[in-house]
Amino acid sequence: ESSLAEDATQETFIQVWRSLSKFNRQSRFSTWIHSVATNVAISYARKQTPWWKRIFSIEDHHVDHVAADADANYDLSPLLARLPQQARLVFILHAVEGFRHQEIAEKLGIAEGSSKAQFFRAKQLIKQWMGYE
């Protein structure tokens with residue numbers, strides 16, 4: 001996996017170099033680079049399904065029932081790992097990275113409505129697993 005990460009990093013720098021003239025200075029340079037890196041990472045993840053499944057394998061991962069305690073600090077990693085791949089990608093891109101559904105749809109090559117549906121599905125499953133439903 002480290003060679004894959006190195007390849008993705010190198011590809012990110014190549015994409016940044018090639019697209020440098022397209023940087024419009026309306027956002028911070030670091031934000032633009034993050035966007036390029038995200039696109040490269042998504043592209044690599046989609047091409048490397050076996051690698052992706054190994055990273056998010058939950059076969060040996062036991063997830064305990066989480067009490068509904070407002071003061072608890074939940075580690076959502078085991079719950080995210082349980083989500084179906086598409087729902088997990090959409091949830092992370094929207095909830096964690098802050099992308100809009102239209103942007104997610106473009107990045108993943110799906111319809112905007114599918115992005116919204118996958119996000120809703122992920123939220124429902126996480127709530128269920130946390131014992132809220």
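Here is a short walk through this structure, from the overall layout to a few single residues.

Keep in mind as you look that this is a predicted model. Let's begin with the whole chain. It contains seven helices and zero strands, so you can read its order from the N terminus simply as α-α-α-α-α-α-α. Of the 133 residues in the chain, 29% are buried. The accessible surface comes to about 9100 Å², and carbon and sulfur atoms account for 50% of it. What about links between parts of the chain that are separated in sequence? Taking contacts between residues at least 6 apart in sequence, 59% join residues at least 24 apart.

Now let's go inside. In soluble globular proteins, nonpolar side chains tend to be buried together. In this model, the largest nonpolar core has 18 residues. Leu83, Phe91, Leu93, Ile104, Leu108 and Ile126 are the ones with the most contacts inside this core. Which helices supply it? At least two core residues come from each of α4 (77-82), α5 (85-96), α6 (101-108) and α7 (112-130). The largest share belongs to α7, which gives six residues.

If you set aside its neighbours within four places in sequence, Leu93 is in contact with Thr38, Ile42, Gly98, Phe99, Ile104 and Leu108. Is Thr38 buried or exposed? Its relative accessible area is 11%, and because buried means under 20%, Thr38 counts as buried. Apart from neighbours within four places in sequence, Thr38 is in contact with Leu93 and Phe99.

Next, follow the chain to α6. The buried residues of this helix are His101, Ile104, Ala105, Lys107 and Leu108. Why do they lie on the same side of α6? They cover an arc of only 165 degrees around the axis, and that places them on the same side of the helix. Just after α6 you reach Gly109, which takes a positive phi of about 70 degrees.

How does α6 pack against α7? The angle between these two helices is about 105 degrees, and their axes are 8 Å apart. Because angles of 65 to 115 degrees count as roughly perpendicular, that is how α6 stands to α7. On the α6 side, the contact is made by His101, Gln102, Ile104 and Ala105. Their counterparts in α7 are Glu112, Ser115, Lys116 and Phe119.

Helix α7 also packs with α5. Here the angle is about 95 degrees, with the axes 8 Å apart, and therefore α5 and α7 are roughly perpendicular to each other too. From α5, the residues taking part are Gln86, Ala87, Val90, Phe91, His94 and Ala95. They meet Ser115, Gln118, Phe119, Ala122, Lys123 and Ile126 in α7.

To finish, look closely at Ser115, which lies in helix α7. Ser115 is buried, with a relative accessible area of 0%. Which residues touch it, leaving aside neighbours within four places in sequence? Ser115 is in contact with Val90, His101, Ile104 and Ile110.

Key. Residues numbered from 1 in each chain as written. Predicted model: local features only at pLDDT ≥ 70, side-chain atom pairs only at ≥ 80, totals over all residues. Heavy atoms only, no water. Core = buried A, V, L, I, M, F, W, Y, C linked by side-chain atoms within 4.5 Å. Buried < 20%, exposed > 50% of the residue type's maximum accessible area, 1.4 Å probe, protein only. Helix = DSSP H or I, 4+ residues; strand = E, 2+ residues; numbered from the N terminus. Contact = heavy atoms within 4.5 Å. Areas by Shrake-Rupley, 256 points an atom, 1.4 Å probe, with all protein chains shown as cover. Arc of directions from axis to C-beta. Axes fitted to C-alpha atoms, helices over the stretch in contact; angles between N-to-C directions. Parallel < 35°, antiparallel > 145°, perpendicular 65-115°, else oblique.
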